[in-house]
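Dear colleague,

Please find below the structure that I am handing over to you. My notes on what was found in it follow directly after.

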Amino acid sequence: MNVLVTGAGGQLATELIRRAPGAAEVEALDIEQLDVTSSSRVRDCLESIRPAVVFNAAAWTDVDGAEANEDEALAVNRDGAAHLADACGEQGIRMVHVSTDFVFDGTSTRPCRIDDPTSPLGAYGRTKLAGEAAVLDRLGDAGLVVRTAWLYAAHGRNFLRTMLNVMSQRDHLKVVADQRGTPTSAASLATALWDLVAAGASGIHHWTDGGETTWHEFAVCIRDTGRAEGLLDHDVTIEAISTSDWPTPATRPAYSVLDTSVTEALLGRSPRPWSEEVRDVIGELAAAAAGESGA
Ligand SMILES: NC(=O)c1ccc[n+]([C@@H]2O[C@H](COP(=O)([O-])OP(=O)(O)OC[C@H]3O[C@@H](n4cnc5c(N)ncnc54)[C@H](OP(=O)(O)O)[C@@H]3O)[C@@H](O)[C@H]2O)c1
């Protein structure tokens with residue numbers, strides 16, 4: 001089975017390539033090789049590769065930057081998704097598109113379900129919601145949209161790597177403790193996406209790692225695991241602050257835990273607890289650091 005992954009080099013694309021099943025022949029294209037904002041490039045690429053499935057891992061993911069650049073974010077997150085969906089529709093290709101918990105406004109008091117009303121608080125969420133519609137309107141059952149949250153990996157730009165970096169240089173930092181969600185490893189998401197394709201899933205699905213937490217508790221887990229794995233050689237105090245103490249250009253949902261039960265039923269399994277995935281990713285970083293130092 002030929003598979004195309006867009007956005008190669010990003011967190012999710014890297015893990016999709018790593019975790020591809022043996023039967024998949026994966027062609028992964030980065031922004032230089034395939035800029036999804038070009039409809040003609042998208043069409044030509046799909047015609048020449050002729051994949052059975054396209055995973056769209058290309059996205060504008062700078063949440064704060066989207067506030068001042070919504071048109072540029074729309075060009076990638078809505079129009080890029082639409083170009084891919086158009087070409088997939090014309091050529092009979094299945095498409096897997098990834099979306100975000102930021103399509104919700106954070107007022108829910110229980111995990112957000114697939115059919116709960118969406119109401120993004122910021123530009124990034126609006127552009128991602130428009131991307132969902134672009135895919136589902138065009139592709140029907142040939143389209144799959146998977147919402148996820150708080151993505152991180154041992155590579156790329158993410159909270160876990162930023163925290164380890166900041167903690168290595170300081171002994172005190174402040175982290176927001178009044179936003180609840182679920183950290184999700186790009187590796188576990190990639191495995192779930194491959195499994196969803198194998199299961200013939202379509203429509204909207206939710207996938208995150210198990211449980212829920214705050215950015216502050218996530219940071220504490222990163223510190224403690226980093227210390228245990230030898231990546232941090234000193235203790236760090238992590239002060240819990242509120243969102244109002246840490247203003248950002250984009251407003252983030254206070255509560256964006258995703259209900260993954262429908263997807264769990266389809267896959268016949270539950271996600272691992274988020275803290276176990278953190279341990280694996282920090283273990284990967286520790287092994288890489290030990291390899292570099294020749295230990
Ligand atoms: N990161 C999160 O916390 C999070 C949370 C929920 C949902 N998601 C969603 O999960 C998906 C994967 O996210 P990720 O964390 O893997 O993102 P990422 O690491 O930022 O990767 C996105 C990739 O897309 C590329 N890209 C940007 N514009 C493009 C274009 N016009 N054409 C082709 N490629 C382009 C980027 O290239 P450059 O680096 O060169 O710009 C980057 O390599 C996205 O749909 C994202 O919205 C992410």
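**Strand E3 and its neighbours**

Strand E1 (residues 2-6) and E3 run parallel and are joined by four bridges; helices (H or I, at least four residues) and strands (E, at least two) are DSSP runs, numbered from the N terminus. Please note that this is a predicted model, in which local features need pLDDT of at least 70, side-chain atom pairs count only at pLDDT 80 or more, and totals for chains, interfaces and linings use all residues. Residues are numbered from 1 along each chain as its sequence is written.

A residue is buried if 20 or more other C-beta atoms lie within 10 Å of its own, exposed if 12 or fewer, and partly exposed in between, with C-beta atoms placed from the backbone.

**The sheet**

These strands belong to an open sheet of six, in the order E2-E1-E3-E4-E5-E10, with parallel pairing. Its edge strands, each pairing on one side only, are strand E2 (25-29) and strand E10 (203-206). From one strand to the next the twist averages 20°. Helix H7 (residues 186-198) packs on the sheet, where it touches E3, E4, strand E5 (143-148) and E10. The direction of H7 makes about 155° with that of E5; axes are lines fitted to C-alpha atoms, for helices over the stretch in contact, and angles run from 0 to 180 degrees between N-to-C directions. Two residues are in contact if their C-beta atoms, placed from the backbone, lie within 7 Å.

**The ligand**

The ligand is surrounded by 26 residues, of which the closest are Gly7, Gly10, Leu12, Ala58 and Ala59; a residue is near a molecule if its C-beta atom, placed from the backbone, lies within 6 Å of it. Helix H1 (11-18), helix H4 (70-91) and strand E4 (94-100) each give two or more residues to this shell. The shell divides into 13 nonpolar, 11 polar and two charged residues. Here Ala, Val, Leu, Ile, Met, Phe, Trp, Tyr, Cys and Pro count as nonpolar, Asp, Glu, Lys and Arg as charged, and the others, Gly among them, as polar.

**Two residues with positive phi**

Most residues other than glycine have a negative phi. Arg50, in the loop between helix H2 (39-49) and E3, has a positive phi of about 50°. Trp150, in the loop between E5 and strand E6 (151-152), has a positive phi of about 45°. Arg50 counts as exposed because it has 11 C-beta neighbours inside 10 Å, whereas Trp150, with 22 such neighbours, counts as buried.

**The protein as a whole**

The protein has 10 helices and 12 strands. Buried residues make up 45% of its 295 residues, and the C-alpha trace spans about 55 × 45 × 40 Å along its principal axes.

Yours sincerely

Notes:
Two strands pair if DSSP finds at least two bridges between them.
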